[in-house]
Amino acid sequence: MAELQVIARHSIATGNEDQVYALLPQLITAARTEPGNIAFDAYAALGDRSNYVLLERYTSRAAFAEHRETSHFKEIMLGQILPLLANRIIEQYDVTEDETAVAR
């Protein structure tokens, strides 16, 4: 079973940046406690606080599905952060066992 890399690209609606950046540490801390989570990090775009990316890695697609059912995902991401966003794009990638094989 392949690990899953998730890239969530978020654009914050104008004026909501401080609120979103205050909520992200709560989401990150909670997500990192999930048994199927390998990594969960947020990175703000250089020179543009209205855009950031979440880089999430899970042991499997099933682990990501379980993440989306957690109370912290529903309460923090869907309930508080999502209404403050202008746009959200979620990308999912299977992680190959030999990650260098893709670069060849």
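This is a predicted model: local features need pLDDT of at least 70, side-chain atom pairs count only at pLDDT 80 or more; totals for chains, interfaces and linings use all residues.
## A first look at Tyr-43

Leaving aside its neighbours within four places in sequence, which residues is Tyr-43 in contact with? The residues are Tyr-52, Val-53 and Leu-55.

Tyr-43 sits in strand E2, which covers residues 37–45. Along the chain, Tyr-43 and Leu-54 are 11 residues apart, while in space their C-alpha atoms are 6.6 Å apart.

## The nonpolar core

Let us now turn to the inside of the protein. The largest nonpolar core has 22 residues. Those with the most contacts inside this core are Val-20, Leu-24, Leu-27, Phe-40, Tyr-52, Leu-54 and Ile-81. At least two residues each come from E1, helix H1 (17–31), E3, H2 and H3. Which element gives the most to this core? H1 does, with 6 residues.

## Leu-27, a residue of helix H1

Leu-27 is found in helix H1. Is Leu-27 buried or exposed? With 1% relative accessibility, Leu-27 counts as buried, because the cut-off for that class is under 20%. When neighbours within four places in sequence are left aside, the contacts of Leu-27 are Phe-40, Leu-54, His-72, Phe-73, Ile-76, Met-77 and Ile-81.

The sequence and the fold can also be set side by side for this residue. Leu-27 and Thr-70 are separated by 43 residues in sequence, and their C-alpha atoms are 11 Å apart in space.

## His-10, a residue of strand E1

His-10 has its place in strand E1. Its relative accessibility is 1%, so His-10 counts as buried. Where does the chain bring Ile-90 in relation to His-10? The two are 80 residues apart in sequence and 8.7 Å apart in space, taken from C-alpha to C-alpha.

Residues up to four places away in sequence do not count in the next list. His-10 touches Ser-50, Asn-51, Tyr-52, Leu-54, Met-77, Leu-85, Asn-87, Arg-88 and Ile-90.

## The cavity inside

Rolling a probe the size of a water molecule over the atoms shows where empty space is left. How many cavities of 30 Å³ or more does a search of the whole structure find? It finds 1, and the largest cavity has a volume of about 80 Å³. The lining holds 14 residues, and the closest to the centre of the cavity are Glu-56, Phe-73, Met-77, Arg-88 and Ile-90.

Several elements take part in this lining. Strand E1 (4–12), strand E3 (48–58), helix H2 (61–67), helix H3 (71–81) and strand E4 (85–94) each supply at least two of its residues. The largest share, 3 residues, comes from E1. Sorted by class, the lining has 9 nonpolar, 2 polar and 3 charged residues.

## Aromatic pairs

Across the whole structure, a search finds 2 aromatic pairs. One of them joins Tyr-58 and Phe-64: the ring centres are 5.3 Å apart and the planes meet at 55°, so this pair is tilted. Tyr-58 and Phe-64 are both buried.

## The start of the chain

To finish, look at Met-1, which is placed in the segment before E1. Met-1 has 87% relative accessibility and therefore counts as exposed, the cut-off for that class being over 50%. Met-1 and Ala-22 are 21 residues apart in sequence, and from C-alpha to C-alpha they are 35 Å apart in space.

Methods: Residues are numbered from 1 along each chain as its sequence is written. Side-chain values use heavy atoms; hydrogens and water are left out. On a 1 Å grid over the protein atoms alone, a cavity is a set of points where a 1.4 Å probe fits but cannot get out, and a pocket is an open set with protein on both sides within 12 Å along at least five of seven lines; lining residues have an atom within 4 Å of a point. Grid points are joined across faces, edges and corners, and a volume is the space filled by probe spheres set on the points. Helices (H or I, at least four residues) and strands (E, at least two) are DSSP runs, numbered from the N terminus. Ala, Val, Leu, Ile, Met, Phe, Trp, Tyr, Cys and Pro count as nonpolar, Asp, Glu, Lys and Arg as charged, and the others, Gly among them, as polar. A nonpolar core is a set of buried Ala, Val, Leu, Ile, Met, Phe, Trp, Tyr and Cys residues joined through side-chain atoms within 4.5 Å. Buried means under 20% relative accessible area, exposed over 50%, partly exposed in between (1.4 Å probe, protein chains only). Rings of Phe, Tyr and Trp (its six-membered ring) pair if their centres lie within 6.5 Å; planes under 30 degrees apart count as stacked, over 60 as edge-to-face and the rest as tilted. Contact means heavy atoms within 4.5 Å.
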